[in-house]
Amino acid sequence: MKNSYREYVLQCLVCDRSYQPHEVSYYCPHCKTDGALDALYDYPTLKRQWSRDSLAQDHARGMWRYDRLMPLSSTRFIPPLLVGNTPLYSRPELLGKGARIKVFVKDESRQPTGSLKDRASALAVAHALQSGASTVAVASTGNAASALAGMSASLGLHNVIYLPKSAPREKLAQMQGYGAEIVLVDGQYDEAFEQCLEACETHGWYNRTTGINSYMSEGKKTVAFEMCEQLNWQVPDLVFVPVGNGCILGSVYKGFFDLLQLGWIERIPRLIGVQAEQSNFMYRAWRSDQPMEHIERIAPTSLASSINVALPRDRLKAMRAVTASDGEFICVSDPSIVAAASRLAASTGVFPEAGAASAFAGLLKYAQTHPDTPQTAVILITGSGLKDTSIFLSDSTKSQPRVLPHHVPASPAEALL
Ligand SMILES: *Cc1c(COP(=O)(O)O)cnc(C)c1O
Ligand SMILES: [Zn+2]
């Protein structure tokens, strides 16, 4: 029988051309690597064949319970690790008693490799194997690579990772443990990006890199599906999303967009993209009247390594997310990110890495200027603090560990006491 529900077309955000999946790899052949593609499904058919209620019975499959809205022709190569089903905690008083903004925390630190990137990398390996690839590669600030290495390990797939030399040791340790082939690049993420692209073109490897591979948003969007399900299909007013390459932000928008097409939700929340002041291309582009090609690339220097990029590779989808949802971009300083990370950890028990904590820093800043509007907000905590522990260990505002002197028993009798 024909599996009509999983049919989709790919449409270029730049030139509007539409393609059948077999006609393209993962970007628009006409616009080359600038041509980000949208996967668009047969929404009217899906709407007739599928319902919100059927999802609940399918929980054990994690993010794959939404596979009718995923661009795969087969579920044969889905990695065996459980991706998705992360908790959404209601913390209405996170901003203080009586605060008008009620907060929910979506905790992606609980993914198999510790970040939201697992949603994309899980789809990447399934798609790569379905396409007949034997090696997958990625350029990454760290988490996309840990995720690809982990997902590949679960399937025995060879993978090559391009990372800036400065990537956190914890992420490096993870990839090494998973058995990835690692190339450390002398430079920032942007140099790693170019080197990975070149290697993939030379060797014919499958490239999972964000901004090259338009399919990645189709994996990450499942986080928006889960939020809606967990909120009983009552969408929040605001969603705060950390922004480096802009893929997560664009994906969250796409998730809400898909659900709106199905009639499962009534509106798309205002999406707030949060950037570090020291890595703020999207913020500057959004504020400017100039087209994005004219915005200056500035060497990024934020300590929040996972959002530290000069040129966001998924900038088209990220910009669309904010403009189409009537959202905004916000910039936060590195010290405010560090403070937000500690405050979130100490007040919720959710332990974020710096990049993830920027979502909370963004909410804190937003709340200062909108104290009187009653709203609900989700902060997307994209990855675990265990992946980059330096910000916590160097936080001098926290009570420091007490050191007890080593006590040597004076006599065997005292040792027995
Ligand atoms: C990758 C990442 C981000 C930023 O996502 P982009 O898609 O690059 O904008 C934010 N937080 C964490 C923990 C990440 O790993
Ligand atoms: Zn195009």
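**Close-up 1. Backbone contacts to ligand 1.** In this predicted model, G246 brings a backbone N or O atom to 2.7 Å from an oxygen atom of ligand 1.

**Close-up 2. A side-chain contact to ligand 1.** Here we switch to T382, where a polar side-chain atom lies 2.7 Å from a nitrogen atom of ligand 1. How much of the ligand does the protein cover? On its own, ligand 1 has 380 Å² of accessible area, and the protein covers 98% of that.

Close-up 3. As for where ligand 1 sits, it's in the largest cavity.

**Close-up 4. Strand β5 and its antiparallel partner.** Strand β5 runs over residues 101–107, and it's mostly covered, with six of its seven residues buried. One of its partners is strand β4, residues 88–91; the two pair in the antiparallel sense over four bridges. To get your bearings, look for Y89, whose bridge partner in β5 is V105.

**Close-up 5. Strand β5 and its parallel partner.** Which way does β5 pair with strand β13, parallel or antiparallel? With β13, residues 375–381, the pairing is parallel and takes in seven bridges. A handy landmark is F104, which stands opposite V378 in β13. While you're looking at side chains, keep in mind that in a regular strand they alternate between the two faces of the sheet.

Notes:
Residues are numbered from 1 along each chain as its sequence is written. Chains are lettered from A and ligands numbered from 1 in the order in which they are written. This is a predicted model: local features need pLDDT of at least 70, side-chain atom pairs count only at pLDDT 80 or more; totals for chains, interfaces and linings use all residues. Side-chain values use heavy atoms; hydrogens and water are left out. Buried means under 20% relative accessible area, exposed over 50%, partly exposed in between (1.4 Å probe, protein chains only). Two strands pair if DSSP finds at least two bridges between them. A polar contact is a pair of N or O atoms within 3.5 Å; within protein, one must be able to donate a hydrogen and the other to accept it, and residues adjacent in sequence count only if both atoms are side-chain atoms. Accessible areas come from the Shrake-Rupley method with a 1.4 Å probe; for residues, only the protein chains shown count as cover. On a 1 Å grid over the protein atoms alone, a cavity is a set of points where a 1.4 Å probe fits but cannot get out, and a pocket is an open set with protein on both sides within 12 Å along at least five of seven lines; lining residues have an atom within 4 Å of a point. A molecule sits in a cavity or pocket if more than half of its atoms lie within 2 Å of its grid points.
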